[in-house]
Amino acid sequence: ATPSEMDLSDADRESIGSNNWVIHGRRTVTGYPIMANDPHRSVEAPSLRYWVHLVAPGWNVIGGGEPILPGVSIGHNEHGAWGLTVFGQDNEDLIVYETNPSNPLQYKYLGQWEDMTVVPDTIPVKGEAEVAVELKYTRHGPVLFEDPDNQVAYALRAAWLEYGSAPYLASLRMDQATTWEEFVEACSYSRLPSENMVWADRSGVIGYQAVGISPIRPNHSGLVPVPGDGRYEWDGYLPIDALPRVVNPAKGYFATANNYTLHAIPETYPHWEALHYTWGNQLRAARIEEVLSNGQHLSIVDNMQLQMDELSVAARSLIPLLRDIPRVDEQVSVARQKLLDWDFVLSRDSTEASLYVSWRRRLGEAVYKVVVPTEVQAYIGRVSTKRLIDWLVAPDGRFGADPIAARDAMLVDSLAVALEDLEKRFGTTDMTRWQYGSEQFKHATIRHPMSGAVNEDLRRQLDVGPLPRGGYGDTVHNTGGNDNQSSGASFMIITDTESWDNSVGLSSPGQSGDPDNPHYRDLFELWARDRYFPI
């Protein structure tokens with residue numbers, strides 16, 4: 001597809017996230033802990049993360065980070081290994097002010113008019129004169145919008161504007177930690193971004209520590225805008241060492257995937273109201289827990305297989321609903337049986353995966369129209385997979401007078417439309433040729449930010465791919481972004497604390513940002529084929 005044809009809409013929003021886990025030595029083949037991490041972000045060219053080995057007095061650390069940020073945010077030193085996933089915190093408030101009718105640069109606070117701070121600036125415009133602007137600030141933060149007709153102004157209060165909130169700066173301390181206690185101390189300096197940090201070391205300790213800056217709101221939730229008149233102030237921040245923490249859990253492992261983690265904390269956690277209300281998709285976490293909870297004598301290869309796991313927990317829940325539906329035509333009946341006989345794995349060479357993903361998309365659209373009122377569809381772009389499963393397993397009155405019959409009709413109709421889509425996509429009715437991992441369906445073409453602004457020859461030089469992929473946004477091997485993978489893990493690491501030289505990783509598309517450099521794209525095929533290199 002050309003850049004103008006790229007799908008820039010919803011792009012599988014549930015896929016944004018990350019996986020990490022630490023496994024205690026009593027569950028590994030060597031008796032030493034293992035740490036694995038695959039952070040999920042946009043898949044980019046040049047590469048989002050950069051592999052580096054830092055050696056200096058007091059330093060011997062290898063791993064990855066974003067090129068502009070100091071230190072190694074994911075990796076290991078001679079003593080331990082660490083990784084991260086997004087924890088998620090509500091550390092912003094939208095503040096609403098009453099402004100002075102006679103002076104819109106003043107806002108009311110504690111019954112008095114206060115002046116905004118005004119900073120003049122200019123914006124250069126190509127081919128035209130500079131545009132003069134005024135940047136305005138209140139005691140809470142920058143003014144985002146003004147409504148002078150109604151004497152209202154809006155500002156953003158953001159915890160990340162506090163001093164010491166430089167992204168990943170605490171990595172410099174983590175890189176030199178030699179024990180779990182030193183790692184937790186380093187984490188106490190980690191204000192941004194908010195993360196689920198995991199640790200595994202050669203002494204046998206594994207641990208989990210959430211990090212980030214959490215405002216304490218004594219009398220409001222942070223879920224809605226609040227008046228800026230002084231009634232809804234923050235009462236400082238929750239100490240980072242008061243955030244959730246686990247060390248050497250009894251189950252022998254700890255995993256996070258942007259999911260709700262507080263249920264895994266041994267004691268009742270007392271500060272949940274200071275954290276946040278939005279958690280990531282539970283499906284990746286469910287599959288990781290399933291594998292690790294049943295795993296014994298786990299090896300590095302086992303962890304490689306788990307990072308690349310493409311079993312769809314959602315498919316395992318949805319497909320059985322097709323089993324007992326009567327009155328389907330022959331082609332739908334064949335497709336239904338293929339799905340019922342399938343192993344739920346979205347491998348690149350699977351034709352059932354093509355059937356399922358196409359059906360799942362059409363099914364989501366159908367359920368969306370039923371459960372999301374028309375008047376709010378402009379604000380709610382999709383329904384989550386978890387909710388989709390809930391509504392289909394137990395359909396309610398929104399599906400009609402006979403919810404079960406209506407649900408069953410929706411399942412069949414969506415499958416019929418999916419078959420039509422696949423016939424058009426592949427140009428054939430032969431289901432055996434509907435291979436999921438292909439340029440016609442799931443693939444990876446990594447597009448350079450300038451790709452849409454250059455000619456075709458230069459675009460080919462900047463872009464990387466395509467190569468076929470498996471998985472999608474709900475699998476542990478996260479390849480989100482609809483047909484072309486635009487998000488997921490472009491960086492992976494698995495560390496063996498028994499022998500660091502057994503540790504492996506991957507990255508994409510390469511180490512260089514120069515398209516003329518051979519290292520601009522030389523890691524892409526390894527990554528696309530799910531092959532690791534020794535780090």
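Biologist: What makes strand E26 and E27 a pair?

Modeller: This is a predicted model, and the count of bridges decides. E26, residues 504–507, is joined to E27 over 2 bridges. The sense is antiparallel.

Biologist: Which strands make up the open sheet of 6 strands, and in what order?

Modeller: The order is E21-E1-E2-E25-E26-E27, and the pairing is antiparallel.

Biologist: Why is one side of E21 and of E27 left without a neighbour in the sheet?

Modeller: E21 (253–256) and E27 (533–534) each have a single partner strand, so each is an edge strand with one side left without a neighbour in the sheet.

Biologist: How do you know that E1 and E21 pair?

Modeller: E1 and E21 share 4 bridges, in the antiparallel sense. At least two are needed, so E1 and E21 count as a pair. Ile 23 stands opposite Tyr 253 in E21.

Biologist: Which way do Tyr 253, Phe 254, Ala 255 and Thr 256 point from E21, and are they buried or exposed?

Modeller: Tyr 253 and Ala 255 point one way, Phe 254 and Thr 256 the other way, and all are buried.

Biologist: What does helix H4 lie across?

Modeller: Helix H4 (residues 300–307) lies across E1 (18–23), E2 (34–39), E25 (491–496) and E26. H4 runs at about 155° to E25. Angles over 145 degrees count as roughly antiparallel, so that is the term for H4 against E25.

Biologist: What does the side chain of Asn 303 make a polar contact with?

Modeller: The partner is the side chain of Trp 21, at 2.7 Å. Beyond four places away in sequence, Asn 303 touches Trp 21, Ile 23, Ile 34, Ala 36, Leu 298 and Ile 494.

Biologist: Why are H6 and H9 called roughly perpendicular to each other?

Modeller: H6 (residues 330–340) and H9 (residues 403–426) pack at about 95°, with axes 10 Å apart. That angle falls within 65 to 115 degrees, so H6 and H9 are roughly perpendicular. Gln 331, Val 332, Ala 335, Arg 336 and Leu 339 of H6 make the contact with Val 412, Leu 415, Ala 416, Leu 419 and Glu 423 of H9. The classes here are 7 nonpolar, 1 polar and 2 charged residues.

Biologist: What is the order of the open sheet of 7 strands?

Modeller: The order is E4-E5-E6-E7-E15-E16-E20, again with antiparallel pairing. E4 and E20 each have a single partner strand, so they stand at the edges. The twist averages 15° from one strand to the next.

Biologist: How do you know that E6 and E7 pair?

Modeller: E6 (residues 74–76) and E7 (residues 80–86) have 2 bridges. At least two are required, so they pair. The bridge partner of Gly 75 is Trp 82 in E7.

Biologist: Why is Asn 248 called partly exposed?

Modeller: Its relative accessibility is 34%. That lies between 20% and 50%, so Asn 248 counts as partly exposed. Asn 248 sits in the loop between E20 (245–247) and E21. Its phi is positive too, near 45°.

Biologist: What is omega for the peptide bond from Ala 45 to Pro 46?

Modeller: Omega is near 0°, and the bond is cis. Pro 46 is in the loop between E3 (41–42) and E4 (50–56). The bond from Leu 192 to Pro 193 is also cis, with omega near -15°. Pro 193 is in the loop between H2 (180–187) and E15 (195–201). Most peptide bonds are trans.

Methods: Residues numbered from 1 in each chain as written. Predicted model: local features only at pLDDT ≥ 70, side-chain atom pairs only at ≥ 80, totals over all residues. Heavy atoms only, no water. Contact = heavy atoms within 4.5 Å. Axes fitted to C-alpha atoms, helices over the stretch in contact; angles between N-to-C directions. Polar contact = N/O pair within 3.5 Å; in protein donor to acceptor, adjacent residues only side chain to side chain. Parallel < 35°, antiparallel > 145°, perpendicular 65-115°, else oblique. Nonpolar A, V, L, I, M, F, W, Y, C, P; charged D, E, K, R; others polar. Buried < 20%, exposed > 50% of the residue type's maximum accessible area, 1.4 Å probe, protein only.
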